[in-house]
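I opened my notebook to look up a few things in a protein model. Come along and check each entry against the picture.

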Amino acid sequence: MNRLKALVLLGKCRGDEIWPLDLCRQEGVPESWLSELADALESGFDSDRNTIYLNDQVVNQFHGVPDLLLAYKLAESLGIDTARATSTALSRTAQVQALKEAVDE
């Protein structure tokens, strides 16, 4: 994946979404990454942030790629030390923001 495409995709990541596989393919995520990152994820009903929604409806399971994992993969492909960049981030969205800031530096 070229640098510009990686930057554009990283900009679309929020940290709290699951991207459907067809969207990933449409956006140009390499198939090898999909094989590595895609999973069947289950809702955790202990808190709203762990519950999966599709079209504003709660779903028990969803097969896709967490954009948090995609953001890490993209940042790594851009040469970012992801462990260092996210060492103080406390939430998924904060981790993605830290990765974006590391790329911008």
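**Entry 1: what I am looking at**

I note at the start that this is a predicted model. I keep that in mind for each entry that follows.

**Entry 2: the largest pocket**

I began with the open spaces. How much space lies in the largest pocket? I found about 620 Å³ there. I then looked up the lining and counted 25 residues, of which D16, E17, I18, R49 and I52 are the closest to the centre of the pocket.

I moved on to the second largest pocket, with a volume of about 160 Å³. Which residues line this pocket? I wrote down I80, D81, R84, A85, A98, E101, A102 and E105. Helix 5 (82–85) and helix 6 are the elements that give two or more residues to this lining. Helix 6 brings the largest share, with 3 residues. By class, I noted 4 nonpolar and 4 charged residues in the lining, and no polar ones.

**Entry 3: the cysteines**

A reminder to myself: a disulfide is a covalent bond that joins the sulfur atoms of two cysteines. How many disulfides does the count come to? I got 0. C13 is in no disulfide, and the nearest cysteine sulfur, that of C24, is 8.9 Å away.

The cut-off I used asks for sulfur atoms within 2.5 Å.

Are these cysteines buried or exposed? C13 has a relative accessible area of 1%, so I marked C13 as buried. C24 comes out at 0% relative accessibility, so C24 also counts as buried.

**Entry 4: a sheet**

Another reminder: strands of a sheet pair through backbone hydrogen bonds, in a parallel or an antiparallel way. In what order do the 3 strands of the open sheet run? I read 1-5-2, with antiparallel pairing. Strand 1 and strand 2 are the edge strands, as each pairs on one side only. Neighbouring strands of this sheet are turned against each other by 70° on average, direction ignored.

I then followed one pairing. Strand 2 and strand 5 pair in the antiparallel sense over 4 bridges. Here I found D39 opposite G64 in strand 5.

**Entry 5: two single residues**

I picked V58, which is found in strand 4 (residues 57–59). With a relative accessible area of 46%, V58 is partly exposed. I also looked up F45, 13 residues from V58 along the chain: their C-alpha atoms are separated by 9.7 Å.

My last stop was W33 in helix 3 (residues 31–37). Is W33 buried or exposed? Its relative accessible area is 12%, so I wrote down buried; the cut-off for that word is under 20%. W33 and A85 are 52 residues apart in sequence, and I noted 21 Å from C-alpha to C-alpha.

Methods: Residues are numbered from 1 along each chain as its sequence is written. This is a predicted model: local features need pLDDT of at least 70, side-chain atom pairs count only at pLDDT 80 or more; totals for chains, interfaces and linings use all residues. Side-chain values use heavy atoms; hydrogens and water are left out. On a 1 Å grid over the protein atoms alone, a cavity is a set of points where a 1.4 Å probe fits but cannot get out, and a pocket is an open set with protein on both sides within 12 Å along at least five of seven lines; lining residues have an atom within 4 Å of a point. Grid points are joined across faces, edges and corners, and a volume is the space filled by probe spheres set on the points. Ala, Val, Leu, Ile, Met, Phe, Trp, Tyr, Cys and Pro count as nonpolar, Asp, Glu, Lys and Arg as charged, and the others, Gly among them, as polar. Buried means under 20% relative accessible area, exposed over 50%, partly exposed in between (1.4 Å probe, protein chains only). Two strands pair if DSSP finds at least two bridges between them. Axes are lines fitted to C-alpha atoms, for helices over the stretch in contact, and angles run from 0 to 180 degrees between N-to-C directions.
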